[in-house]
Structure formats: structure tokens, C-alpha cells
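Please look over the sequence and the model shown here before reading on.

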Amino acid sequence: MDIKRVNVLGQIYKVKSDNKKVPQDIIDSQYGHCDRDSSYIWINEKLSNEQKYRTLFHEMGHSVVYRNGVAFSGAIPMELEEILVETFASMQYEFLRDLIKGLMKYEDIDDIKDRLSSIIR
């Protein structure tokens, strides 16, 4: 995974995917983890590329819940947070995948740049 940092509601999270300093029980049981206090997201290096990106979106969802204060309010039980975070992670991944597939149809780099720039204006 080439992504080393992500910005979540103004907070920069480092993205790590090596398993060297992660306890074996976590490696065996989790795809990823969001450490809110240290501002890093760990993605299990054993995952496929698709699973890594899906997991990154999932963990970013947890960081959103933390950053916007919902985690402290007690309004959402952890089971519901997992469902919401996973649902939005899947939606984000599928949208981005389809966007990239659409852009890959263009052979001219200037066409791709034009289409991307229209999104970020």
C-alpha cells in the first residue's frame, strides 16, 4: 500500500502496514486498527490490495467517529458503529474503484487530468 498518511477531519493519521511491532493475536484476528491517541492506522500486511484499501476506509471511519465526538457521547453502541463504518467503507471503496476504472478508459493523460480537475474544483 502506497498511502503513508491520511487526513481525517483535519487530523493527520500515519498509515502503517508492517506487522513487526503488532502482537500476533491482533495480526491473527484483525484486518486493521485505528489508534486514536497516537494518530495512526495499522493495516495488516497479509491482506490483498483490495482488502487493504477497504480496511483503510473502515479504519478512517472509526477515526471520523472519534474526531466528531460521537465516540464520547455514548450515542452509538460499538456494534452499530462497526456496521456504519463498514457500510460507508464499502461505499467509498466501490465509488473510488468505479471512478478509477472510468478514468482508465482514457488514453490521453490530459483527458484524465481534465476530468480529475473538474472533481476537485
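What follows describes the chain, its nonpolar core and its surface patches.

## Basis of the description

This is a predicted model, in which local features need pLDDT of at least 70 and side-chain atom pairs count only at pLDDT 80 or more, while totals for chains, interfaces and linings use all residues. Residues are numbered from 1 along each chain as its sequence is written, and side-chain values use heavy atoms, with hydrogens and water left out.

## Overall fold

The chain has five helices and four strands, where helices (H or I, at least four residues) and strands (E, at least two) are DSSP runs numbered from the N terminus. Along the sequence these elements follow the pattern β-β-α-β-β-α-α-α-α, and the C-alpha trace spans about 45 × 35 × 25 Å along its principal axes.

Of the 121 residues in the chain, 30% are buried; buried means under 20% relative accessible area, exposed over 50%, and partly exposed in between, with a 1.4 Å probe and protein chains only. A nonpolar core is a set of buried Ala, Val, Leu, Ile, Met, Phe, Trp, Tyr and Cys residues joined through side-chain atoms within 4.5 Å.

The largest nonpolar core has 14 residues, of which Val6, Tyr13, Val15, Ile41, Ile43, Leu56 and Met60 touch the most other members. Strand S1 (5-8), S2, strand S4 (40-43), helix H2 (49-67) and H4 each give two or more residues to this core, and the largest share, three residues, comes from H2. In soluble globular proteins, nonpolar side chains tend to be buried together.

## Surface patches

Patches are made of residues with over 30% relative accessible area and no salt bridge, with like charges joined within 9 Å and nonpolar side chains (Val, Leu, Ile, Met, Phe, Trp, Tyr) within 5 Å. A salt bridge is a side-chain nitrogen of Lys or Arg within 4 Å of a carboxyl oxygen of Asp or Glu.

Arg5, Lys14, Lys16 and Lys21 form a positive surface patch, in which Lys16, part of strand S2 (residues 11-16), counts as partly exposed at 38% relative accessibility.

A nonpolar surface patch is formed by Leu80, Ile83, Leu84, Phe88 and Met91, with about 470 Å² of accessible area together. Met91 lies in helix H4 (residues 78-103) and, at 47% relative accessibility, counts as partly exposed.

Terms used: Areas by Shrake-Rupley, 256 points an atom, 1.4 Å probe, with all protein chains shown as cover. Lys, Arg positive; Asp, Glu negative; His and termini not counted. Charge placed at Lys NZ, Arg CZ, Asp CG, Glu CD.
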